Amino acid sequence: MNPLAILAALAALVAVATLLGLIWRVRQGKVTAGSGETITAADLASDAPLGASATLVQFSAELCSRCPGTRRMLSTLAADRPGVEFLDVDLTHRADMANRFNIMQTPTTFILDRSGRIRARIGGVPNRDSITEQLNDLTGRNNVRIAA
Amino acid sequence: MSESPRSTGIDPRSPRFGASITGILLLVVLFLALAGAATAALTLLTAIAALFGWGAFAGVRRHPYGLLFKAAIRPRLAPPAEIEAAGPPTFAQGVGFAVTAAGVILGLFGVPYAVGIAAALAFVAAFLNSVFGYCIGCQLYVLLVRVGFVHVPEAARAQ
């Protein structure tokens with residue numbers, strides 16, 4: 001290949017990588033509908049009970065650099081709201097659970113309603129505002145900020 | 001300082017800095033491979049694989065790019081907003097090592113395009129890591145757990 005054609009090929013590779021990165025970034029933290037399945041604390045191998053009005057379930061694993069930050073954010077959001085619990089599930093030793101819930105990346109977050117139904121699923125690092133919005137819907141708290 | 005790579009934090013910008021150097025070198029490999037300079041391409045890819053191996057087996061904190069970052073770049077930056085565990089970038093180095101070492105071995109056996117394809121794949125991963133902060137451990141590790149590739153003894157949980 002002549003040098004010009006090679007440089008064009010390299011530029012195309014950089015463009016493809018950029019496109020992949022942008023797609024990945026857009027999909028990170030996107031809230032999608034949950035399966036609607038109703039689960040219990042026992043299904044998550046959790047000793048702690050689910051929240052009275054909502055539960056944030058974070059699936060983590062080893063070698064996940066984004067998991068600790070997500071854990072801090074979600075546990076703070078839950079602590080600020082009565083009736084909302086936060087559960088962190090480590091999948092490193094639980095391939096069965098990862099398969100059952102089809103976890104493709106960590107962190108993955110489920111938002112459960114008062115009955116334990118999976119209402120929303122978020123792959124990757126969640127966005128604080130989207131979680132707040134979901135929790136406001138589930139706990140019946142009005143978000144005054146969007147009144148305008 | 002503790003010797004355990006899992007228990008000691010690193011500046012998250014350090015692996016991204018290293019990945020940018022690696023990414024540029026991988027583009028050079030691809031250029032050489034496409035230009036027909038097969039020996040030069042294979043030699044440079046071997047050097048890159050050795051550096052990945054260094055990071056993967058000695059831990060990312062002992063990697064030369066990490067030391068360069070610490071000595072030359074970090075003093076010029078504000079302190080990091082957050083310290084991250086060294087485990088995930090060390091795992092990423094292992095993935096880079098697997099891909100580039102496969103390219104080197106196939107290249108040595110004369111498999112056509114092996115060096116260029118390995119360089120292109122590793123470049124995409126390095127680029128995503130460097131530019132977008134993509135964490136390959138977050139994406140890949142849980143999939144390895146699911147296919148049963150990762151078997152951590154129950155005893156290790158108690159740590």
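This is a predicted model: local features need pLDDT of at least 70, side-chain atom pairs count only at pLDDT 80 or more; totals for chains, interfaces and linings use all residues.

Me: What makes up chain A, and in what order do its elements run?

Reply: Chain A holds 4 helices and 5 strands. Read from the N terminus, the elements follow the pattern α-β-β-α-β-α-β-β-α.

Me: Why is chain A called more spread out than a compact globule?

Reply: The globule rule gives 15 Å for 148 residues, whereas the radius of gyration of chain A is 19 Å. The value is well over the one from the rule, and chain A is therefore described as more spread out than a compact globule. Along the principal axes, its C-alpha atoms fill a box of roughly 65 × 45 × 25 Å. Of the 148 residues in chain A, 33% are buried.

Me: How do you know that the length of helix H1 of chain A agrees with expectation?

Reply: Helix H1 (residues 3–27) of chain A has 25 residues, which should span 36 Å at 1.5 Å a residue. The C-alpha atoms at its ends are 36 Å apart, so the two values agree. After H1(A) comes A:Gly29, with a positive phi near 80°.

Me: Why does A:Arg25 count as partly exposed?

Reply: A:Arg25 lies in helix H1 of chain A. A residue needs 20 or more C-beta neighbours within 10 Å to be buried, and 12 or fewer to be exposed. A:Arg25 has 14 inside 10 Å, so it falls in between and counts as partly exposed. The C-alpha atom of A:Arg25 is separated by 29 Å from that of A:Gly116, a residue 91 positions away along the chain.

Me: Which strands form the open sheet of chain A, and in what order?

Reply: The sheet has 5 strands in the order E1-E5-E4-E2-E3, with mixed pairing.

Me: What makes E1 and E3 of chain A edge strands?

Reply: Strand E1 (31–33) and strand E3 (84–90) of chain A each have a single partner strand, so one side of each is left without a neighbour in the sheet. On average, and with direction ignored, neighbouring strands of the sheet are turned by 25° against each other.

Me: What lies between E4(A) and E5(A) in their hairpin?

Reply: There are 4 residues between the two strands, and A:Gly116 in the turn has a positive phi of about 90°. Across the pair, A:Thr108 has A:Gly123 as its bridge partner, and A:Phe110 stands opposite A:Arg121.

Me: Why is E2(A) called largely enclosed?

Reply: In E2(A), 7 of the 7 residues are buried, so the strand is largely enclosed by the rest of the structure. A:Ala54, A:Leu56, A:Gln58 and A:Ser60 point one way, while A:Thr55, A:Val57 and A:Phe59 point the other way, and all are buried. Helix H2 (residues 67–79) of chain A lies across E2, E3 and E4 of chain A and runs at about 170° to E2(A).

Me: What makes E4(A) largely enclosed?

Reply: The count for E4(A) is 6 buried residues of 6, so this strand is largely enclosed by the rest of the structure. A:Thr108, A:Phe110 and A:Leu112 point one way from E4(A), and A:Thr109, A:Ile111 and A:Asp113 the other way.

Me: How many residues of chain B are in contact with chain A, and which element gives the most?

Reply: There are 32 residues of chain B in contact with 27 residues of chain A. H6(B) gives the most to this side of chain B, with 8 residues. The residues on this side divide into 23 nonpolar, 4 polar and 5 charged.

Me: How do you know that the length of H4(B) agrees with expectation?

Reply: The 22 residues of H4(B) should span 32 Å at 1.5 Å a residue, and its end C-alpha atoms are 31 Å apart, which agrees. Just after H4(B), B:Gly110 takes a positive phi of about 80°.

Conventions. Residues are numbered from 1 along each chain as its sequence is written. Chains are lettered from A and ligands numbered from 1 in the order in which they are written. Two residues are in contact if their C-beta atoms, placed from the backbone, lie within 7 Å. Ala, Val, Leu, Ile, Met, Phe, Trp, Tyr, Cys and Pro count as nonpolar, Asp, Glu, Lys and Arg as charged, and the others, Gly among them, as polar. Two strands pair if DSSP finds at least two bridges between them. Axes are lines fitted to C-alpha atoms, for helices over the stretch in contact, and angles run from 0 to 180 degrees between N-to-C directions. The radius of gyration is taken over C-alpha atoms; the globule rule is 2.2 Å times the number of residues to the power 0.38. The expected span of a helix is 1.5 Å times one less than its number of residues.
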